[in-house]
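Me: I'm new to this one and would like to go through it piece by piece. Could you take my questions as they come?

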Amino acid sequence: MFSEAETDPTLSADEYKPRALRLRTALLKAQYARLERADRSLLIVVAGIDGAGKGQTINLLNNWMDPRHIHTLAFGEPDARENQFPPLWRYWNAMPAKGETGVVFGSWYSRLLRECYRKKFNPERAEALAAQIRRFETMLTAEGVQIVKLWFHLSPQAQAARIERLNASPETSWQVSPDDYKVQKKFDRIRDAAQLALAQTDIDHAPWVVIPSADDNLRTIRCAETILATMKRRAIPVVARVSQQLPRLGPIPDRLGELDYDAHEAKHDYDSELGLLQGRLARAVRSPAFAQRSLVLAFEGQDAAGKGGAIQRVVESLDARQYDITPIAAPAAYEQARPYLWRFWRHVPAHNRVALFDRSWYGRVLVERVEGLTPPGLWRRAYGEINDFEHQLTESGAIVLKFWMAITQDVQLERFKEREATPFKRYKITAEDWRNRDKWDEYALAANEMMARTDLPHAPWHLIPANDKRHARLQVLRAIVSALESRL
């Protein structure tokens, strides 16, 4: 993989100048064409041997193109706040919009490279990290993100000579870091770790390209040619479906049809138990154990099923400074310019916080599926992508609970009419709500399949019969309190 780069090939100044001029013009044209189409974003992952000229090359490419549309995303070791979130959280938050380019230093490869470098190498741990990277990059590719991964490499002799040359002048000595010197002592071990990491994550739609880096001219030209080829590639690659905890299914059970919609709660019993449950919830989220956890609550269900009322009863027992309610509607233009999970990653809670979603990331396999807003290939992929998302949340300490508030068609009709007749409730009813009733069976089928594919122990679905609002609200609180008290 590194054999050519370690021969330290060169490019003469006479060859470099005309090629650089052509590339500079072509890169700028390709960049403006992408901005005009705004149908794909580009992530350039920069990695490689310390002292190989990575930063110098990217700075030059910024000068060749319009830097206003190139975002340099530099990540060091995660700080205390970032450690409260899943490791990929900070990369999701920095995702550039379609048409834009992001250059990533200190990428999601840092943990894998570190694992491969360890003296006590753990193959299972390394493969788990590599598999997560492959799933991440596969999802981004399917969502219109082009990924090019550049590994800057050179021989140990050339690396040492470059450091000596930079140190010879005060104007360039700042480019030399302590890590550059460490590479000289442990070059073989670093190379072996890199070769293992790259081999595990070199996939067709997100390939690694090794850039020979001993010669400044050749390094620049190879890097520019690779980026230009990626920018000019119009076809979206067909990526294999990533399986992440996706249950194999036989016939899909009709879980919605099996619910007891006659279940109800007497007002006296409701009033007394509501206060008790809210008190237990308040104690749980104020406990020292919750300081290292978070709570993610996703509410789905038919229109007028009582999601808002259930959410209100939950937050009545919480400090307003401790929770966020995120209502999910059709994505705005800036959200559509990024992968669909991006807008949910932005609302992932830190430790000691509660995030409530009034509708959620399941819209991709519900409304987007039923209304034909997303091609079948994408919404079918989403089951595994959602399972992976929720698994990352729970791995970082989140308690994830999902509620489907279920009502019958006749009760929904009664509530729709009540909303239309009540001035302060009219805003809750829209023409879209009435239209969705015509697709009741299609939504029920989509919901049943969604639950069959995503009801997992670490992020369970709770199906709540909600014809009786009091019964539904208590059921929601019981599930939350039970989960908190058992896991804390």
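Me: Where is the place of Ala329?
Reply: In this predicted model, Ala329 sits in the loop that runs between strand 7 (323-327) and helix 12 (333-336).

Me: And is Ala329 buried or exposed?
Reply: Ala329 is exposed, since its relative accessible area is 56%, and the cut-off for exposed is over 50%.

Me: What about Met95, in which loop is it found?
Reply: Met95 belongs to the loop between helix 3 (89-93) and strand 3 (101-105), and with a relative accessibility of 4% it counts as buried.

Me: Changing topic, what is the strand order in the open sheet of five strands?
Reply: The order is 2-3-1-4-5, and the pairing is parallel. Strand 2 (70-74) and strand 5 (208-212) are at the edges, where each has a single partner strand, so one side of each has no neighbour in the sheet. On average, neighbouring strands of this sheet are turned by 25° against each other, direction ignored.

Me: What holds strands of a sheet together in general?
Reply: Strands of a sheet pair through backbone hydrogen bonds, and the pairing can be parallel or antiparallel.

Me: Over how many bridges do strand 1 and strand 4 pair?
Reply: Strand 1 (residues 41-48) and strand 4 (residues 145-153) pair over eight bridges in the parallel sense. As one example from this pair, Ala47 has Trp151 in strand 4 as its bridge partner.

Me: Now the second largest pocket: which residues lie nearest its centre?
Reply: Gly48, Ile49, Asp50, Lys54 and Asp179 lie nearest the centre, and they are part of a lining of 39 residues. The space in this pocket comes to about 1200 Å³.

Me: Which elements supply at least two residues of that lining?
Reply: Strand 1 does, and so does each of helix 2 (54-64), helix 4 (110-117), helix 6 (156-167), helix 7 (178-185) and helix 8 (187-201). By class, the lining of the second largest pocket has 17 nonpolar residues, twelve polar ones and ten charged ones.

Me: How many disulfides does the structure hold?
Reply: The structure holds zero disulfides. As for individual cysteines, Cys116 is buried with a relative accessible area of 9%, and Cys223 is buried with a value of 0%.

Me: What is the phi of Ala38?
Reply: Ala38 has a positive phi of about 50°, although it is not a glycine. Ala38 is placed in the loop between helix 1 (13-37) and strand 1, and at 35% relative accessibility it counts as partly exposed.

Me: And what about the phi of Ala304?
Reply: Ala304 also has a positive phi, of about 70°, and is not a glycine. The loop that holds Ala304 lies between strand 6 (294-301) and helix 11 (307-315), and Ala304 is buried, with a relative accessible area of 6%.

Me: To finish, how many helices and strands does the chain come to?
Reply: The secondary structure comes to 19 helices and ten strands. The chain has 488 residues, of which buried residues make up 54%, and its C-alpha atoms fill a box of roughly 85 × 45 × 45 Å along the principal axes.

Definitions and conventions: Residues are numbered from 1 along each chain as its sequence is written. This is a predicted model: local features need pLDDT of at least 70, side-chain atom pairs count only at pLDDT 80 or more; totals for chains, interfaces and linings use all residues. Side-chain values use heavy atoms; hydrogens and water are left out. Two strands pair if DSSP finds at least two bridges between them. Helices (H or I, at least four residues) and strands (E, at least two) are DSSP runs, numbered from the N terminus. Axes are lines fitted to C-alpha atoms, for helices over the stretch in contact, and angles run from 0 to 180 degrees between N-to-C directions. A disulfide is a pair of cysteine sulfur atoms within 2.5 Å. Buried means under 20% relative accessible area, exposed over 50%, partly exposed in between (1.4 Å probe, protein chains only). On a 1 Å grid over the protein atoms alone, a cavity is a set of points where a 1.4 Å probe fits but cannot get out, and a pocket is an open set with protein on both sides within 12 Å along at least five of seven lines; lining residues have an atom within 4 Å of a point. Grid points are joined across faces, edges and corners, and a volume is the space filled by probe spheres set on the points. Ala, Val, Leu, Ile, Met, Phe, Trp, Tyr, Cys and Pro count as nonpolar, Asp, Glu, Lys and Arg as charged, and the others, Gly among them, as polar.
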